[in-house]
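Keep the structure open while you read.

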Amino acid sequence: MAKAKPRRTKHIPQRTCVGCREVLPKRSLIRLVRTPEGVKVDPTGKARGRGAYLHNQRSCWERALKGALAQALRTEISPADREHLLAFMATLPEEEATSQALTGSRDSEAPTG
Ligand SMILES: [Zn+2]
């Protein structure tokens, strides 16, 4: 009964990366979701709750964690959530292209904090 709309072309949902504001197909972005327990990475993209999207690229996460993400999700990111998100961020590539070859660039004495 409910076959009103013929769907020949697939509609690709577009989303904005809250880090750099670029608009991209949803599938190429990582979804974050606000849950009652806090802000989480949503690998399935299907979790219920207010969502925000980010590139899988560290620079975007860094920017997002400075405030854009909290704003997009209309919540505050708790220290625990931040830890969690930073841990996730650490698994991401630094930048898309221009990767400096791994020749002797180790900073063993990088101060944290
Ligand atoms: Zn981005």
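The points below go from the sheet to the helix across it and then to the core.

1. Before anything else, bear in mind that this is a predicted model.

2. Start with the sheet. It is open and has three strands, in the order E4-E3-E5, paired antiparallel. Strand E4 (38-42) and strand E5 (51-54) are the edge strands; each has a single partner strand, so one side of each has no neighbour in the sheet. On average, neighbouring strands here are turned by 30 degrees against each other, ignoring direction.

3. Now look at how E3 and E5 go together. Strand E3 covers residues 30-35, and four bridges join it to E5, with the two running antiparallel. To find your place in this pairing, look for Leu32, which sits opposite Ala52 in E5.

4. Next comes helix H1, residues 58-73. H1 lies across E3, E4 and E5, and runs at about 160 degrees to E5.

5. Which residues touch the most other members of the largest nonpolar core? That core has 15 residues, and the ones to look for are Cys17, Val18, Ala52, Tyr53, Leu54, Ala64 and Leu69. Two or more core residues come from each of E5, H1 and helix H2 (79-89). H1 gives the largest share, with four residues. As a bit of background, nonpolar side chains in soluble globular proteins tend to be buried together.

6. Setting aside its neighbours within four places in sequence, Val18 is in contact with Ala52, Tyr53, Leu54, Ala64, Ala68, Leu69 and Ala72.

Note on methods. Residues are numbered from 1 along each chain as its sequence is written. This is a predicted model: local features need pLDDT of at least 70, side-chain atom pairs count only at pLDDT 80 or more; totals for chains, interfaces and linings use all residues. Two strands pair if DSSP finds at least two bridges between them. Axes are lines fitted to C-alpha atoms, for helices over the stretch in contact, and angles run from 0 to 180 degrees between N-to-C directions. Two residues are in contact if their C-beta atoms, placed from the backbone, lie within 7 Å. A nonpolar core is a set of buried Ala, Val, Leu, Ile, Met, Phe, Trp, Tyr and Cys residues joined through C-beta atoms within 7 Å. A residue is buried if 20 or more other C-beta atoms lie within 10 Å of its own, exposed if 12 or fewer, and partly exposed in between; C-beta atoms are placed from the backbone.
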